[in-house]
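Hello,

Here is the structure I promised to pass on. Have a look, and then read on for what turned up in it.

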Amino acid sequence: MDEARPLWATPLQFVFACISYAVGLGNVWRFPYLCQMYGGGSFLVPYIIMLTVEGMPLLYLELAVGQRMRQGSIGAWRTINPYLSGVGVASVVVSFFLSMYYNVINAWAFWYLFHSFQDPLPWSVCPLNGNRTGYDEECEKASSTQYFWYRKTLNISPSIQESGAVQWEPALCLILAWLLVYLCILRGTESTGKVVYFTALLPYCVLIVYLVRGLTLHGATNGLAYMFTPKMEQLANPKAWINAATQIFFSLGLGFGSLIAFASYNEPSNNCQKHAVIVSIINSSTSIFASVVTFSIYGFKATFNYESCLNKVILLLTNSFDLEDGFLTVSNLEEVKSYLASAYPSKYSEVFPQIKNCSLESELETAVQGTGLAFIVYTEAIKNMEVSQLWSVLYFFMLLMLGIGSMLGNTAAILTPLTDSKVISSYLPKEAISGLVCLVSCAIGLVFTMEAGNYWFDIFNDYAATLPLLLIVLVEAAAVCYLYGLRRFESDLKAMTGHALNWYWKAMWGGVSPLLIISLFVFYLSDYIITGTLQYQAWDASQGQLVTKDYPPYALAIIGLLVASSTMCIPLGALGTFIVRRLKRRDTASVA
Amino acid sequence: MSPSRKILWAPNPSFLEAGKSTIKVLADGRFSVWHRKGVTMSWMGPREDAENAFKVRLSLRTALGDKAYAWDTNEEYLFKAMVAFSMRRVPNREGTEISHVLLCNVTQRVSFWFVVTDPSRNHTLPAVEVQSAIRMNRNRINNAFFLNDQTLEFLRIPATLAPPTDPSVPIWIIIFGVIFCIVIVATMLLILSGIRQHRRKNKGPSEMEDTEDKWENTVKIENGIPCDPLDMKGGHVNDAFVTEDERLTPL
């Protein structure tokens, strides 16, 4: 009798685990950016097409493989074909890189969460300079939220070469984040299964509260109108389609091995087709829902900044011309300006260079993604709301839930193959393996808390997972369809779940999805090759803004190493198996 | 106007509608005031008087909205009184009277210039003294008019910004400490209970069932009887023989 495998207590836990893994920070901070860049409402067209053509089939494929093989990624792919054990190893390596840098985001979320319990919020005011006559210079040039992020949180150095020391405050938060993750994965599916109820549901509660708050904010409709007016000409832009495909691909977390790991704890008769469809639809709807919230907040922030800009112009004119206080308003600003220009031309020409042209569109057009959106733009909007501490706490708590949910999936991808392996699990109990993995990741993750840590974070974020994952999923799809055999897999699934495989899935797995992945792969490679040297954004404290710099050679070498270390596992695994088999055959041949 | 006499000039505000005045220092040390409508007033005095004058700007409507009061001569009197009060708190200047404070050029903005003269009314007090006096008492002056540092501006007298309140222990460390302790305690509890289960499993008779698989809920069943009757529940009834009792009819 084979050893019983831990299972999810109910299928609902499995669905929640997949949702909490797939619905992560990318839904909140990448999708709204893409929506804004590629035509607003019209971006939904390529997005939904890619979801049905690429997202759902590949998600179903991974869940089906995991549920059928009932092992982590290494064991599953080795069972499919012994030459494919490298695919599983590549997935584990990529998951390891991801978990190293992803938890730093949770550390930052903790940092902001702990600082939200102050009045006033620390990022809403600039600190004073030395002699208390004004504000800190860097803070004046940038804004208080940027200052708090770049100086107080990251203490960022001017370039990647100047590493600086480990900052103890983010390091403490990182240790806490890893302890929390360890607590959640300590007992395997028993503990994870309970935690995912919170990590899957709580973000939705917060998003709903924020939706109500966001829609009632002054100026929210400006942002929503801007987002949802479709710009149909973007449909002709190939970048829109490529980004839609990329977003679906990475948003679902394909290729990391987490989905295989989660599905391996399912009962064999589980209807994973239904679950795949549900999870992918929920993931995409959450992205759209989050972008509605984000854009109402954008609209509020843009309107607030626009009105502040106008008020500054009004104040400037009132003071320069000693007009009656309250005489100049937003409505009569233009006509009074023209009157002043004609009546007092010399004085007006002196003042004119200081008059800024305030435009609501230019405020709305500042499209931001990633950590900049979450920690700078959102905090700027929050500080202007009433009872800002409450909104701040809710927001960062939600970010934390999203981040921890994704981390559970990442660590499951690493731990499941390790605990499946008889060699390791005979020496160490599961708690010790989890502890070791968390400890090693935490220790390496301290690199990201150094002064140059954010630059290394960007390197990992941009390069560690993108190309390798495309290759891994391509090999996965090709392996199941052509190496293992689509008919054989189909009959396996039918025996397991009792449902026949729809022709749609077969068509997608066999043809359309691999073709899409190949085109994405080609696009990424050509993009890297054409751009030549890779560049990054560095924070210049003297100017108070980001400047572009080139990566030094050793950083480029590390990027290459990151990509190579995971992609090379696939051919090396095949080679290794080949050699081992040849040796065995030679042994048996020499014996016989 | 003879050079020795200084005239305090407070024009009718309507005379200055949408206009402004400039105080300009001339080459020979006099300073003069131009009014937009072409009327020139000179206020002849030594050069340093121009430096000792400060412009004040009030934004009543911005600060108070509908409750804004009108700026009239009574308010000006109060202002002069506040300035005189501030000067009296400077050592050596305790004799400053309200009549020593001179206001001029009240515009519709509302803005005006003021100087403080010494008791002889021949010289104006140095700017440095006036600056430090106003800075010390800025809060009292603001409160007298229901305004704040932004709505009652003294040009060239920067306000001292309020220092941020720094608690001795930053708040975030306290919250961090609380959450850290909770997580550590929970982790310890889980690990300890895991170790206890491990020991119980090692003492138990069966080596088939893994302690961590306690949540295993697929039990292989054949003919309605579970296949693992001798499970870890510690010597319970053997289900294979349960049905026999029921076959015997009770007496």
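Which element gives the most to the nonpolar patch? That is α21(A), with three residues. Before the details, this is a predicted model, where local features need pLDDT of at least 70, side-chain atom pairs count only at pLDDT 80 or more, and totals for chains, interfaces and linings use all residues. Residues are numbered from 1 along each chain as written, chains are lettered from A and ligands numbered from 1 in written order, and side-chain values use heavy atoms, without hydrogens and water.

A:V423, A:Y427, A:L428, A:L436, A:V440, A:I444 and A:V447 make a nonpolar surface patch of about 640 Å² (residues with over 30% relative accessible area and no salt bridge, nonpolar side chains joined within 5 Å; a salt bridge is a Lys or Arg side-chain nitrogen within 4 Å of an Asp or Glu carboxyl oxygen). Two or more residues each come from α20 (422–427) and α21 (430–445) of chain A (helices are DSSP runs of H or I, at least four residues). A:V447 sits in the loop between α21 and α22 (453–464) of chain A.

**Inside**

The whole structure holds eight cavities of 30 Å³ or more (on a 1 Å grid, points where a 1.4 Å probe fits but cannot get out; lining residues have an atom within 4 Å of a point). The largest has a volume of about 60 Å³, and its lining includes A:Y60, A:N271 and A:H499. Helices α14 (272–321) and α23 (466–497) of chain A each give two or more residues to that lining.

Best wishes

Notes: Patches are made of residues with over 30% relative accessible area and no salt bridge: like charges are joined within 9 Å, nonpolar side chains (Val, Leu, Ile, Met, Phe, Trp, Tyr) within 5 Å. Accessible areas come from the Shrake-Rupley method with a 1.4 Å probe; for residues, only the protein chains shown count as cover. On a 1 Å grid over the protein atoms alone, a cavity is a set of points where a 1.4 Å probe fits but cannot get out, and a pocket is an open set with protein on both sides within 12 Å along at least five of seven lines; lining residues have an atom within 4 Å of a point. Grid points are joined across faces, edges and corners, and a volume is the space filled by probe spheres set on the points.
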